[in-house]
Amino acid sequence: YSTPIMTRELGRLSEDIEKRRVFGELDHPADGRTRLNRVSHIITKLEINKNKEVVGAAEILMTDAGRNLHAIIEAGGEVGVSSRGMGTTKTESNGQKMVNEDYRLMTFDVVAEPATSGAYPKFYMEGMGETALDELTASDLRKHCHDSVAEIARQAFEEGRVTALADG
């Protein structure tokens, strides 16, 4: 992908990203189209860094696919990220395929085998800065996820899966 084409496409998607309309799936869909019942995450930021690489952020959703993604990450599994778009390609003299001007970036999906070795992102909890998920402590979780943990505990109590709740 050329920098001018990716710059154009990120600019084109910026309003949709801001309005939380750019969804990704767990694996590329065979038909190339996003289906809400297969969505695992929502793209919240995309930009080109000083090394001319596309970088961004996404929020994992609590959909079926999002829970699957979360379980993979929680188990220490490494997943990749891959762009999904449509357009024609041309083969350069060095044999590398490049997208043409008709390329339309749609989103980024989470995949098992990305096309490039550098497409394995780090995962962070929102509000935790650069603290990686594997560096979180129980104290971090209580501090930053109290409401979510409390809601899960309340639901478990109501469903009879736990018999008592403690504060804190």
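Trainee: Which residue does Asp-31 form a salt bridge with?
Mentor: The partner of Asp-31 is Arg-38, and their closest N and O atoms are 3.5 Å apart. A salt bridge is a side-chain nitrogen of Lys or Arg within 4 Å of a carboxyl oxygen of Asp or Glu. This is a predicted model, in which local features need pLDDT of at least 70, side-chain atom pairs count only at pLDDT 80 or more, and totals for chains, interfaces and linings use all residues. Residues are numbered from 1 along each chain as its sequence is written, and side-chain values use heavy atoms, with hydrogens and water left out.

Trainee: Is Asp-31 buried, exposed or partly exposed, and at what relative accessibility?
Mentor: Asp-31 is partly exposed at 39% relative accessibility, and Arg-38 is partly exposed too, at 30%. Buried means under 20% relative accessible area, exposed over 50%, and partly exposed in between (1.4 Å probe, protein chains only).

Trainee: Where in the chain do Arg-104 and Glu-9 sit?
Mentor: Arg-104 is in strand S7 (residues 104-111) and Glu-9 is in helix H1 (residues 3-18), so the pair links distant parts of the chain, 95 residues apart. Helices (H or I, at least four residues) and strands (E, at least two) are DSSP runs, numbered from the N terminus. Glu-9 counts as buried at 0% relative accessibility, whereas Arg-104 is partly exposed at 42%.

Trainee: How many salt bridges are there in the whole structure?
Mentor: The search finds 13. Another one of them is between Arg-21 and Asp-16, at 3.0 Å from N to O. Arg-21 is partly exposed at 45%, as is Asp-16 at 26%.

Trainee: New topic, strands. How many bridges join S1 to S2?
Mentor: Three, and S1 runs antiparallel to strand S2 (residues 39-48). Two strands pair if DSSP finds at least two bridges between them. Phe-23 stands opposite Ile-42 in S2.

Trainee: And how many bridges are there between S2 and S3?
Mentor: Seven, again in the antiparallel sense, with S3 covering residues 54-60. His-41 has Ile-60 in S3 as its bridge partner. The hairpin of S2 and S3 has five residues between the strands, and Lys-52 in this hairpin takes a positive phi near 65°.

Trainee: How many aromatic pairs does the structure hold?
Mentor: One. The rings of Tyr-1 and Tyr-103 have centres 5.3 Å apart and planes at 55°, so the pair is tilted. Rings of Phe, Tyr and Trp (its six-membered ring) pair if their centres lie within 6.5 Å; planes under 30 degrees apart count as stacked, over 60 as edge-to-face and the rest as tilted. Tyr-1 lies in the segment before H1 and Tyr-103 in the loop between strand S6 (97-99) and S7, so the pair ties together parts that are 102 residues apart in sequence. Tyr-103 is buried at 4% relative accessibility.

Trainee: Where is confidence lowest?
Mentor: In helix H3 (residues 138-158), at a mean of 54, while strand S1 (residues 23-25) has the highest, at 95. The score is pLDDT, the predictor's confidence in each residue, from 0 to 100. Over residues 128-138 it is below 50, and that stretch has 18 contacts beyond near neighbours in sequence; contact means heavy atoms within 4.5 Å. Where pLDDT is low, the predicted coordinates should not be read in detail.

Trainee: What is the mean pLDDT of the protein chain?
Mentor: The mean is 79, and 70% of the residues reach 70 or more.
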